[in-house]
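The following note sets out numbered remarks on side-chain contacts and helix packing. Please read it alongside the coordinates.

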Amino acid sequence: MSRPPAVACEGAPRDLGLDQGRFAHHLVAQALGELPTAGFLDRWLPDPHEPAVRLGRDLRRYFPHMAERTTGLARGARVPERALWELLRGVVGRTSGAALAVAGSVVRAIDFPALDILVRRSTPGEDFRSIDLVVPGLVPALAGVNEHGLVVVASWSVGSGVEDTEPCRAPGLLLVQDCLQRFSGVGAAVEWCERRPAGGETTIVLADGSGALAAVHVTPQVRQVVEPRDGLLVAPFATQRAEALRKQVSSATRLDGASLGAALRAEEEARDLLVHFEPGAPRLGVQGPEDAAPEWIELVPGKAGSG
């Protein structure tokens, strides 16, 4: 498997975005060219009622650090900032990879070709460092682990994207990066996800090195904390797909990263990439369709277990 390209981002929020945008500008331009609504960028003045512009407004209001990173990313990639708001809307409007978690192992399927994903090492000034899997034109990670070994993974189902009538149009996916930057354990991260405004319907899975494991199902009206059932968490929460995955895992002789990955591989849709985490260890493993085992990438290259 070709490992996804890696980028190091460091500094204040806008600097983090600049680093990512400069590194991935060609990938960002390619992704924007494929947007079905790309024509709206041809207008000189954006319509303040456009869904993407409303999302950008709520991004600045509720997620100021993420908004600053998005501004830097747009400048680094030399694209209009509202184009990245539209890209975020597009990503959360499609299906995402499922996630499975037990104490000690979290596996997330990535529904993007490996070349359309970045491994990002983030060093955000005063906040916690993390290693993430990201879409090149987005600030929030799809999945990541920080220097304290807190794993945060988002998953959602078809049709759970953000509606323009919701009070907050910034999607729940943004909570992933918030948690990675701010928290060392599951308890405080769960409380943050319960309190913060967010749109759409997202399941945020959290695990740490103490064995703590929980998920928060985020909707505009309700936050539901989900505990493991028979030692297993499945995301997206409460869907037919989740129950099918639970049945797949139930046939395994033991619950570990290998059995979780095998269950995700057995889904009807082929997965381009699996990302593995061992809560408590600041590293992630990437596994392509033909790989027998994940290839592990450290937060600090050459310093296993550092944080």
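1. Helix α6 contains both R182 and D178, which are four residues apart, or about one turn of the helix. In this predicted model, the two side chains meet in a salt bridge, with an N to O distance of 4.0 Å. An α-helix has 3.6 residues a turn, so residues three or four places apart point the same way.

2. The structure holds nine salt bridges. One of them joins the side chains of R14 and E68, at 2.8 Å from N to O. R14 belongs to helix α1 (residues 13-23) and E68 to helix α4 (residues 64-77), so this pair ties together parts that are 54 residues apart in sequence. R14 is partly exposed, with a relative accessibility of 27%; E68 is likewise partly exposed, at 30%.

3. A further salt bridge is formed by D58 and R169, whose closest N and O atoms are 3.4 Å apart. This pair links distant parts of the chain, 111 residues apart: D58 sits in helix α3 (residues 51-62), and R169 in the loop between β7 (151-155) and α6 (174-182). Both D58 and R169 are buried.

4. On which side or sides of α2 do its buried residues lie? Helix α2 (residues 25-33) has L27, V28 and L32 as its buried residues. They cover an arc of only 135 degrees around the axis, which means that they lie on the same side of α2. The buried residues of α2 pack against α4, α5 (81-92) and β4 (118-123).

5. The aromatic contacts can be stated briefly. A search of the whole structure finds one aromatic pair. The ring centres of F183 and W192 are 5.8 Å apart and the ring planes stand at 55 degrees, so the pair is tilted; an angle over 60 degrees would be needed for an edge-to-face assignment. F183 is buried, with a relative accessible area of 13%, and W192 also counts as buried, at 12% relative accessibility.

6. R283 lies over the face of W296, at a distance of 4.1 Å from the ring centre.

Terms used: Residues numbered from 1 in each chain as written. Predicted model: local features only at pLDDT ≥ 70, side-chain atom pairs only at ≥ 80, totals over all residues. Heavy atoms only, no water. Helix = DSSP H or I, 4+ residues; strand = E, 2+ residues; numbered from the N terminus. Buried < 20%, exposed > 50% of the residue type's maximum accessible area, 1.4 Å probe, protein only. Arc of directions from axis to C-beta. Contact = heavy atoms within 4.5 Å. Phe/Tyr/Trp six-rings, centres within 6.5 Å; stacked < 30°, edge-to-face > 60°. Lys NZ or Arg CZ within 6 Å of the ring centre and 35° of its normal.
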